[in-house]
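Subject: Structure handover

Hello,

Here is the structure for you to look through. My notes on what was found follow below it.

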Amino acid sequence: MTLALDVDVFTLFPHWFDWFRGQRHVANALALGSSLECVDYRAHTPLRAGQVDDTPFGGGAGMVLRVDVVEAALRARYGEDPVTLRARRRVIALTPGGRLLDDGLVEELAAERELTLLCGRYEGFDERILEHFCSDLVSIGRYVLAGGELAAMVVCDAVMRKLPGALGHGESAHEESFSAALDGAPEYPHYTRPAEWRGWTVPDVLLSGHHARIRAWRAEQSRARAEQSGGASLS
Ligand SMILES: C[S@@+](CC[C@H](N)C(=O)[O-])C[C@H]1O[C@@H](n2cnc3c(N)ncnc32)[C@H](O)[C@@H]1O
């Protein structure tokens, strides 16, 4: 895991990330040396009137983000051909059909020193962007959002909370759902005061003060949840 991470997000809506930067663990990570900067495709487009997209060849609804526009934005930011950039820096397109984000991928990304996230809009990316400029295609789930900005925030949220110090004192991303510490299983249940509410009690073992038994109970609960389809369910 890296100590600090520099993330560049390419987007048509850079101001969306102002709110995100203020979230506690993100703000903590930024204060500890990480960065989260946005590059506006429109600010670098070589086309007139801020054009960034165009109609799809072959017809069909919607607009497609242009390859020349994305190349111009990447060149402006990194001063090199994006075809070579991806060999030294992970350039990740957010796209519904990409590799599903899970804790393993989050750990992998948290070990990088720098990341570039490309947000699509409308119908998505011209395929040549994915093919020639990107090292990874990542999806946050098998559903379709209107744009890649929320997906980029999901990636950054999950990755930045893994960085040392991001969660602050007393919180840890070490032993939680899907972590190696729990063998990839969902986390065990938590309870706090009151010990009884409307007749709903807390498992005795958690009130016993017996640390070894508590550890064993938690591991067992975590395993049981992994065996249930859908993992931890509130229903
Ligand atoms: C409306 S979507 C494009 C959907 C595309 N036409 C398709 O059917 O796969 C516009 C953009 O939102 C982002 N996006 C939407 N759903 C996403 C998901 N599940 N994971 C990651 N990015 C997503 C991508 O950047 C995408 O280019």
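Which polar backbone atom is 2.9 Å from a nitrogen atom of the ligand? One that belongs to E123. Before more of that, two points on the source. This is a predicted model, where local features need pLDDT of at least 70, side-chain atom pairs count only at pLDDT 80 or more, and totals for chains, interfaces and linings use all residues. Residues are numbered from 1 along each chain as its sequence is written, and side-chain values use heavy atoms, with hydrogens and water left out.

**Ligand site**

The ligand is surrounded by 20 residues. The closest are L94, G120, E123, Y143 and L145. Y143 places a backbone N or O atom 2.8 Å from a ligand nitrogen. For L145, a backbone N or O atom lies 2.9 Å from a nitrogen of the ligand. On its own, the ligand has 580 Å² of accessible area, and the protein covers 82% of that. (Areas come from the Shrake-Rupley method with a 1.4 Å probe; for residues, only the protein chains shown count as cover.)

**Overall picture**

The protein has 10 helices and 10 strands. (These are DSSP runs numbered from the N terminus: helices are H or I with at least four residues, strands are E with at least two.) Its C-alpha atoms fill a box of roughly 70 × 40 × 30 Å along the principal axes. Of the 235 residues, 41% are buried. (Buried means under 20% relative accessible area, exposed over 50%, partly exposed in between, with a 1.4 Å probe and protein chains only.) The accessible surface is about 13,000 Å², and carbon and sulfur atoms hold 53% of it.

**The sheet**

Five strands form an open sheet with parallel pairing, in the order β2-β1-β6-β5-β8. (Two strands pair if DSSP finds at least two bridges between them.) β2 (35-40) and β8 (136-139) are at the edges with a single partner strand each, so one side of each has no neighbour in the sheet. On average, neighbouring strands are turned by 35° against each other, direction ignored. (Axes are lines fitted to C-alpha atoms, for helices over the stretch in contact; angles run from 0 to 180 degrees between N-to-C directions.) β1 (residues 6-11) runs parallel to β2, joined by 6 bridges. V7 has L36 as its bridge partner in β2.

Two helices pack on this sheet. α4 (residues 67-78) touches β1, β2 and β6 (114-118), and its direction makes about 150° with that of β1. α6 (residues 103-110) touches β5 (90-100), β6 and β8, at about 175° to the direction of β5. (Contact means heavy atoms within 4.5 Å.)

**Residues to look at**

D126 sits in the loop between β7 (124-125) and α7 (127-133). D126 is buried, at 16% relative accessible area. Its side chain makes a polar contact of 2.7 Å with that of R128. (A polar contact is a pair of N or O atoms within 3.5 Å; within protein, one must be able to donate a hydrogen and the other to accept it, and residues adjacent in sequence count only if both atoms are side-chain atoms.) Leaving out residues up to four places away in sequence, D126 touches V64, L65 and V67.

Now the backbone. Most residues other than glycine have a negative phi, and most peptide bonds are trans. R193 and P194 are joined by a cis peptide bond, with omega about 0°. F178 has a positive phi near 75°. R198 also has a positive phi, about 55°. R198 lies in the loop between β9 and β10 (200-201) and counts as exposed at 67% relative accessibility.

Best wishes

Key: A residue is near a molecule or strand if one of its heavy atoms lies within 4 Å of it.
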